Amino acid sequence: MRLMKLSPLFCAMAAAGAVAMLPASAFGQNAPAQDGSTSKAKHVQKLSEIQVIARELTITRIPMNSAFSSSIIGPSAIRFASPMLSVQSLLERTPSINVRTPAANSVRTNITFRSFSSGQFSETFDGVPINDPFNGGTTNSASTRNNIPLTLNDINSVNIYRGINNPAVTSYNSLGGTIAFEPRDPSATPNASVTMGGGSFSTWFEGLTANTGAIGGVRNMVSINHNSSSGWQANSGNRNTNLYYAGVLPYDEGDGELYAYAIYNINKGFTPHTVPLPLIQQYGYRYGWPLDWTNSYNKDHGGTYILGDRMRVNHLLSFNARVYARNIDYNRVSYANPNFIQSATQPYFIPNTPGDYSFWLPNPSYDPAATFGSNLAGNAYHTYLYSTQQYGFMPHFTLNLPDNQVKFGGDWSHTKLHSSEYWYGTNPMPLVTGYNNAWDEHDSRTLGSAFVQDRISLFDGALQVTPGLKYLMARTSDFDNIGFFYPISGTVSDSEHYTSPTIGLNWRPVRHVSLYAAWGKTAKFPGIASYYNNVGQTNSGGQTVVVPIHVTPEYVRDIEAGARYEAHGFQGALNVYRENFANTFIQVTDPTSGLTTTSNGGSSRYEGIELDLQDSVVTSYGAFSIFGNIAENRANFTSSFTVANAAGAAALAGQSVVAGQPLAGVPKHLANLGLGWKWRTWRASLSEHYSGSQYVNEYNAGVPTAETIPSYAVMNFTLRDTLHIGNGMLKDVQLALHVDNVFDRHYYTFGYGDTTYAGNPFVRAIYEEPRAYFGSATIDF
């Protein structure tokens, strides 16, 4: 594998990390006693204390025995987070993850993971996939802007598996990796807590969590959390309510337990829209479009529901079987005032601009000009609906043999989708298929997988080899009714399957060191756009037809290697990876028939190096934990191809990709630095996230341009004190102060190039959170 050229900054930090990871004996220092003497006992006692502090203060942990690249975010980091921190933003503190969160309560959140965009890596909750089965993403997928599948209220820890990983943890579309959220479990004793707080942007939040202890043998946890905020962009207010339940019923003397998890989330609010930078410079950082110019109001509710049984049958066999259901119900109504659309006197395009033509006629039959006096007035309002219902079954089994741990199992799920879009001149509006709909789509997708893996222990466990094999299949059907985009109705269906092999090795040559290497291959099934784009096309003879689908899964081959070191509260990990991404989905137009289909044609290479360091010490001034990580990621196209436009015509200038061109949305450098402190009842945290510059896509074609989003660095601070009361039911009170974006950096993570009415270029963007202050009080009972 040809080595990458690395920046001086990364080389310097990597060299420092390599030195830090060497054992003490390499510098002639006295190693800890290994003979069971008193000195060893004292050392073990001190090490245990440091480990406890590290577990409480450190943002992430590094698993030493994993044969693959991974990190763990523990419960302490989650419970200590700012109220504005989303589940996705929490992940940003680990290597190679970058998050865009332009609004409160996770609205319009997007995430990249090792240069892969949302939908090209998987996310799970208790092992259950929470990605949209049709469009791939977890948040903001298919423009469901305020669909919030998880909040920090629902999770206890996070396992982050980078790149190809063992099949027992991967899910569908795990090209860049897998993010596995672990649920909160009920406690064995009764307790409760109440949280109240508020702060900048008229933000208010409150929460209640109650544990019943064992009642009739069942332990229960019920938690409710509510957060409302006006947002930092004007006219982007939002409210979110999250309900969480966890129940556990042990049986068979504790060898087995029935369990249940339920999440239900409701979100309502306005969308933050991109704003031209000249307007922000004129009116201020928090400027947003006036609501009587344009707005989008979103309503979403949905949940995840799991019922399972896990049991240790005997010393050899254990199992975990669960049934699950998930649903999304999203509704957005948008408006744009025809009096303020782009013109010689108002030079900027406004979001949700209506079409100035009777695009409905002759079929569908809605005539906006005849009904409301003009096409602009008749198309001023827009409704978008998106709902899914999913149910599935997931059995997993484990065999614990003398030198092997064999895992096998599978997953099966079936999901239905109804998506539709309508325009009209007033709201509420009629939602009538064949009258004013752009589309009315009904889809179904069945996903299935089966896997087996073996962790083989050799040389008394010093070497562990983990081979695995996973089979994945998808059966998809799309039906589209007559609408603006579909002059005829039609159905497209297809079945795909794929086999994903992996192998990983972890070697512990000495006590504190582990070396690992891994190789694997996995796939991503085509999104639903690959199906519905084939309905209602016009061929070269003028006939409207349904085009059969001709596309196979995208796939990635990944190879990586790394080293880890852990001793005396210090942890370090250094790894390199290369992922060759092939069969990339592209739009291709047949010059003879004039028909456009999704096909496989593009390829790209993602490669990088990641360094993760953390250390913990105990002093007379308190306990300290420091962490830092840096990643250099590169993503470049390795093939040239042309992107067809929506009408199937040949690509325009700027719609072609050439080999060697960087992908958009991929910062070359990502870094984090943080410090944790604990002294008596006080605790504090200071962290900074840095993102290098990144290219942006052309707005219509979706291919990279020469324009970039500037680099930025953001620092956050938290201080908390715990007052021990110990008076009857009242145990203690925790008071916390959170300062986000301490230095008030003005930056944006999403933007694209545009032109004024006169053709002058400018950049439009959505800005991220400015400096903000939040205070909270939590009462524990």
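Close-up 1. Welcome to a predicted model, where local features need pLDDT of at least 70, side-chain atom pairs count only at pLDDT 80 or more, and totals for chains, interfaces and linings use all residues. Residues are numbered from 1 along each chain as its sequence is written, and side-chain values use heavy atoms, with hydrogens and water left out. A pocket here is an open set of points on a 1 Å grid over the protein atoms alone, with protein on both sides within 12 Å along at least five of seven lines; lining residues have an atom within 4 Å of a point. Grid points are joined across faces, edges and corners, and a volume is the space filled by probe spheres set on the points. The lining of this second largest pocket counts 44 residues, and Ile78, Arg79, Thr195, Asn225 and Thr778 lie nearest its centre. Among the elements that each supply at least two lining residues are helix 3 (75-79), strand 10 (191-199), strand 12 (218-229) and strand 40 (772-780). Helices (H or I, at least four residues) and strands (E, at least two) are DSSP runs, numbered from the N terminus.

**Close-up 2. The largest cavity holds about 580 Å³.** A cavity is a set of grid points where a 1.4 Å probe fits but cannot get out. The count comes to 12 cavities of 30 Å³ or more. For the largest cavity, 33 residues form the lining, with Leu85, Ser89, Glu92, Val714 and Asn716 nearest the centre. Strand 33 (682-691), strand 36 and strand 37 each give at least two residues to this lining.

**Close-up 3. Arg114 and Glu610 meet in a salt bridge at 3.0 Å, N to O.** Because Arg114 sits in the loop between strand 4 (110-113) and strand 5 (116-117) while Glu610 belongs to strand 28 (residues 596-619), the pair ties together parts that are 496 residues apart in sequence. A salt bridge means a side-chain nitrogen of Lys or Arg within 4 Å of a carboxyl oxygen of Asp or Glu, and by this rule there are 9. Both partners, Arg114 and Glu610, are buried; buried means under 20% relative accessible area, exposed over 50%, and partly exposed in between (1.4 Å probe, protein chains only). A network of salt bridges links Arg114, Arg162, Glu560, Glu579 and Glu610.

**Close-up 4. Two further salt bridges join Arg310 to Glu257 and Glu607 to Arg578.** The side chains of Arg310 and Glu257 come to 2.6 Å, N to O. This pair links distant parts of the chain, with Arg310 in strand 16 (residues 294-312) and Glu257 in strand 14 (residues 256-270), 53 residues apart. For Glu607 and Arg578 the N to O distance is 2.9 Å. Glu607 lies in strand 28 and Arg578 in strand 27 (residues 570-589), so this pair ties together parts 29 residues apart in sequence. Glu607 is buried at 13% relative accessibility, and Arg578 is buried at 12%.

**Close-up 5. Strand 6 (residues 122-125) has buried side chains pointing both ways.** Ser122 and Thr124 point one way, Glu123 and Phe125 the other. Two strands pair if DSSP finds at least two bridges between them. Strand 6 runs parallel to strand 9 (residues 177-183), joined by 4 bridges, and Thr124 stands opposite Ala180 there. Strand 6 also pairs with strand 7 (residues 128-129), in the antiparallel sense over 2 bridges, where Thr124 faces Pro129. Strands 6 and 7 form a hairpin with 2 residues between them, and Asp126 in the turn has a positive phi of about 55°.

**Close-up 6. Ile503, Leu505, Trp519 and Ile559 make a nonpolar surface patch of about 320 Å².** Patches use residues with over 30% relative accessible area and no salt bridge, joining like charges within 9 Å and nonpolar side chains (Val, Leu, Ile, Met, Phe, Trp, Tyr) within 5 Å. Accessible areas come from the Shrake-Rupley method with a 1.4 Å probe; for residues, only the protein chains shown count as cover. Ile559 belongs to strand 26 (residues 554-567) and is partly exposed, at 43% relative accessible area.
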